[in-house]
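Please open the structure in your viewer and keep the selection tool at hand.

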Amino acid sequence: MAGLSVREKLPRKDDLIFVLNSGSSSLKFGIYYRGATDEEPLLTGSTDGIGHKNGTLRVYSSARKPILQREGILESQSNALATVAEAIRKHMDAAPVAVGHRIVHGGPRLLTHQPITPQVLDELRSAIHFAPLHIPQALSLIASAQSLFPSGTQFACFDDVFHQTMPEVASHLPLPQRYFAAGVRRYGFHGLSYESLVHHFGAQLPERAVFAHLGNGASLCALRNGVSIDTTMGLTPTGGIPMGTRSGDLDPGLFVYLLRTEKLGPDEMEDLINRQSGLFALSSGESDVKSLEVRARSGDPRAQLALNVFAISVRKGIGAYVALLGGVDLLVFTGGIGEHSDYVRSAVTTGLESLGLAADKIKIVSAEEEQQIARHCRRMMGPSP
């Protein structure tokens with residue numbers, strides 16, 4: 001794995017917070033210090049393609065100067081974290097006093113951001129069946145961070161906490177009550193991204209807003225006065241609109257059909273709806289939107305179908321939320337696709353003028369999940385002595 005030598009020594013700062021934001025094959029991270037008015041980045045970076053030959057690791061200073069660039073195989077997120085920790089020690093004189101983790105799903109009992117204790121870890125282990133693709137990975141990363149930064153307080157920031165404000169009419173699924181009592185409900189995710197958008201707009205956020213976090217995982221959120229009142233993802237991050245490799249919502253009768261005709265077990269079903277569906281299935285093997293756009297522009301019908309299904313699903317979701325809110329004052333696109341794909345945004349917004357969504361009501365804003373996690377960690381740490 002080729003590397004880039006040290007270009008600068010980062011200035012010393014105290015009370016540093018190290019933030020970890022893990023995805024299915026990526027890890028974003030940042031080191032934050034207490035600025036005059038907000039958490040400021042001292043170091044940021046990301047790894048992509050974990051477990052693949054074309055993996056990358058990029059670390060930047062606050063001025064976006066490259067500190068470390070590597071390409072090659074990073075076997076796991078823990079391996080990537082160890083490499084990042086080594087870079088931190090080389091470039092910084094102070095160790096982080098806290099480590100903040102983005103955790104997608106806290107299960108039915110972890111409903112607030114909180115310090116990670118043995119009891120929290122036990123609850124996460126008991127909630128694995130709510131997010132089997134995400135929670136085991138989070139537990140492994142927490143264990144690695146505890147080993148690499150033993151003096152830092154570890155904090156869990158949950159992606160579903162933001163949606164605890166949803167009314168029961170949005171969170172309660174139409175199933176027998178015993179399932180709701182057991183935690184089977186709509187939780188919603190991408191909450192840290194949505195929180196960062198609320199913080200970004202501050203007092204300028206209008207009463208009725210729709211946020212669209214569009215990436216390999218994608219969802220929509222309806223907000224009234226900055227509070228989540230509905231969201232497209234449900235019990236798990238597989239629900240809602242179609243995604244890169246996830247199916248989104250499906251006719252529940254389909255699962256009965258598959259159980260009867262193909263005798264699929266739980267693991268096979270999970271693999272089908274999480275890894276073999278969505279854009280990947282519709283395009284016959286491609287989930288990367290940039291690649292799909294190239295194919296679509298060259299006339300590939302499968303790529304065109306995949307992008308159109310995705311865009312129209314998002315458009316229908318926006319239309320539903322405009323009806324729920326009784327109108328809309330702001331539509332915000334965020335996430336890798338939402339921020340960077342003109343093709344998708346154009347396909348999504350076509351026809352929305354009839355719902356009162358003029359161009360001046362549509363914004364593109366970068367998600368700042370890592371900074372939002374740092375804010376939560378600083379609050380939980382309490383005032384400086």
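Select strand β4 (residues 56-61) together with β5: the two pair in the antiparallel sense over five bridges. Here strands (E, at least two residues) and helices (H or I, at least four) are DSSP runs, numbered from the N terminus, and two strands pair if DSSP finds at least two bridges between them. The model is predicted: local features need pLDDT of at least 70, side-chain atom pairs count only at pLDDT 80 or more, and totals for chains, interfaces and linings use all residues. Residues are numbered from 1 along each chain as its sequence is written, and side-chain values use heavy atoms, with hydrogens and water left out.

Next, select Val59; its bridge partner in β5 is Leu68. Then display the whole open sheet of eight strands, in the order β5-β4-β3-β2-β1-β6-β8-β7, with mixed pairing. Its edge strands, β5 (66-71) and β7 (114-115), each pair on one side only.

Move to helix α1 (residues 77-91). At 1.5 Å a residue, its 15 residues should span 21 Å, and the end C-alpha atoms are 21 Å apart, which agrees; the expected span is 1.5 Å times one less than the number of residues.

Finally, select Leu124, which touches residues including Ile103, Leu139 and Phe158, not counting residues up to four places away in sequence; contact means heavy atoms within 4.5 Å.
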